[in-house]
Amino acid sequence: MLKKIQAIRGMNDLLPEAAPVWQYLEATVAAVLQRYGYREIRFPILEQTELFKRSIGEVTDIVEKEMYTFDDRNGKSLTLRPEGTASCVRACEEHGLLYNQVQRLWYGGPMFRYEKPQKGRLRQFHQIGVEAFGMAGPDIDAELLFITARLWRELGIEQALTLELNSLATPAARAVYRDALVDYLRARKSRLDADSQRRLETNPLRILDSKDSDTQALLDEAPRLAEFLDDESRRHFEQLQALLDAAGIAYRINHRIVRGLDYYSKTVFEWVTDALGAQGTVCAGGRYDGLVEQLGGRATAGVGFAMGLERLVLLLQALQRVPPHVDQQVDAYLVAADGVQGAAVELGERLRSELPYLRLLSHCGGGGFKNQLKKADKSGAAVALILGEDEVAGGRVTLKYLRESKPQQTLTVAEAIDRLQD
Ligand code: ATP
Ligand code: MG
């Protein structure tokens, strides 16, 4: 026997049993976004490597060690998108959607990062991302948070999620803070973990994100970015908090949130849960007013977030918040005697025309009633529609309830349609 070829580590197949909860999640997100006037944009999963280097930043985990980068046949360096913001900006710029305009956009699909696969952390994972362009004030930051808060409510997972907020200030103010942080840490360099020692020279703010406990202890006493906020950033941050207070959305200020990407300024946030173990951030984002310019466009305000769908699915399951109807994919199963297949086809198609929401499986492959009913039961259908010679002769169909102890009934097709309506 030939050796079977397997999927790439960290890249999952989504099997039919698992698909309904994904469809439910994606449809719920899309519906909420639509209610806020956000429009979908789609762009390729492959981009020029330079796009991500220039936007996410050379000295970030993503660009340093997580990108799937390869040369194409012409020796051009391409990268599977590790996130969507850079591609979204690229696409919008390329098609003139940004200059002097306001855009509220969303996208979804696979992202790729070469990480150590584990629960909630994959190499191909899926995000829905939202980006708003051309609006510089805190009201749009707040709107994005209202959207997420509403979504958690609709999904029934709001109790398990906490909003953490921070402000990264403007690049100028952040530069002043960076110097203060470096002064403080350089004097204590030997107590930093190896990664953080290296980052001290390359990207010191990322040290705030270190998971190392000694480094964390050192940071407790370090200067805080909050003390270095410029007036504009402080006002922006205060106004955002006032809007969240007015809407009754609870949050916690977390001075350690720096995010793994270099393009953020002012607002950054994460929605976190402790119901999933170490991979607790299900949604993260922030403001990136410098990014469009950094990618060659005119200065344009931008703010956005991305949610990790794998983690949200895990959370829905952990909290048992998948609605029962989601897992039930078949309503009715049509069983027919040998010799009345023509009538069965006719009935099946008529039902599908008159009851567009009915999910009807027609038995194929023949066999006796007993065998067919077994299949009907296995399909998860609530009801079997049975068509024998008597039924066909009388223009009727028998309904056999598979999940309730109701007696079976032989009805005219019109009556059956009525019954199946609810
Ligand atoms: P983390 O700190 O968990 O590595 P991140 O800061 O790298 O997350 P972002 O780039 O902000 O994550 O992506 C937004 C969201 O996408 C995350 O909050 C998470 O839900 C999800 N996500 C990121 N990386 C992965 C991954 N490798 N597998 C599954 N989901 C992921
Ligand atoms: Mg990461």
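I began with Thr 28, which counts as buried at 11% relative accessibility. The cut-off for buried is under 20%, so 11% falls on that side. I note here that I am working from a predicted model. Thr 28 sits in helix α1, which covers residues 19-35. I then looked up its contacts, leaving out residues up to four places away in sequence. Thr 28 touches Leu 151, Glu 154 and Leu 155.

**Entry: α5 and α9**

Next I took a pair of helices. Two packed helices are described by the angle between their axes and the distance between the axes. I looked up both values for α5 (residues 138-155) and α9 (residues 231-246). Their axes come within 9 Å and cross at roughly 40°. That angle makes α5 oblique to α9. I noted the hand of this crossing as right-handed.

Which residues make the contact? From α5 I listed Pro 138, Asp 139, Asp 141, Ala 142, Leu 145 and Phe 146. From α9 I listed His 236, Gln 239, Leu 240, Leu 243 and Leu 244. I sorted these residues by class and got seven nonpolar, two polar and two charged. The charged class takes in Asp, and α5 brings Asp 139 and Asp 141 to the contact.

**Entry: α13 and α16**

I repeated the look-up for α13 (residues 341-354) and α16 (residues 413-420). Here the axes come within 11 Å, and the crossing angle is roughly 45°. α13 and α16 are therefore oblique to each other. I recorded a right-handed crossing for α13 past α16.

On the α13 side, the contact is made by Leu 347, Arg 350, Leu 351 and Glu 354. On the α16 side, I wrote down Val 413, Ile 417 and Leu 420. How many residues of each class does this contact have? I found five nonpolar, no polar and two charged.

**Entry: domains**

I turned to the domain assignment of the protein chain. Domain 1 is given as 19-170 + 230-318, in two segments. Domain 2 is given as 330-421. I looked up the separation of their C-alpha centres, and the value is 47 Å.

**Entry: Gln 320**

I wanted the place of Gln 320. The residue is in the loop between α11 (309-318) and α12 (324-327). Is Gln 320 buried or exposed? Its relative accessible area is 71%, so Gln 320 is exposed. The cut-off for exposed is over 50%. I also checked Gln 320 against Phe 269, which is 51 residues apart from it along the chain. Their C-alpha atoms are separated by 26 Å.

**Entry: positive phi**

Last, I looked at two residues with positive phi. Ala 169 has phi near 65°, a positive value in a residue other than glycine. Ala 169 lies in the loop between β7 (162-167) and α6 (171-186). I read 0% relative accessibility for Ala 169, so this residue counts as buried.

Where is Lys 266 found? I located Lys 266 in the loop between β8 (252-253) and β9 (267-272). Its phi is about 55°, positive although Lys 266 is not a glycine.

Terms used:
Residues numbered from 1 in each chain as written. Chains lettered and ligands numbered in written order. Predicted model: local features only at pLDDT ≥ 70, side-chain atom pairs only at ≥ 80, totals over all residues. Heavy atoms only, no water. Axes fitted to C-alpha atoms, helices over the stretch in contact; angles between N-to-C directions. Helix = DSSP H or I, 4+ residues; strand = E, 2+ residues; numbered from the N terminus. Parallel < 35°, antiparallel > 145°, perpendicular 65-115°, else oblique. Left-handed = near helix turned anticlockwise from the far one by under 90°. Contact = heavy atoms within 4.5 Å. Domains from an automatic or database assignment. Buried < 20%, exposed > 50% of the residue type's maximum accessible area, 1.4 Å probe, protein only.
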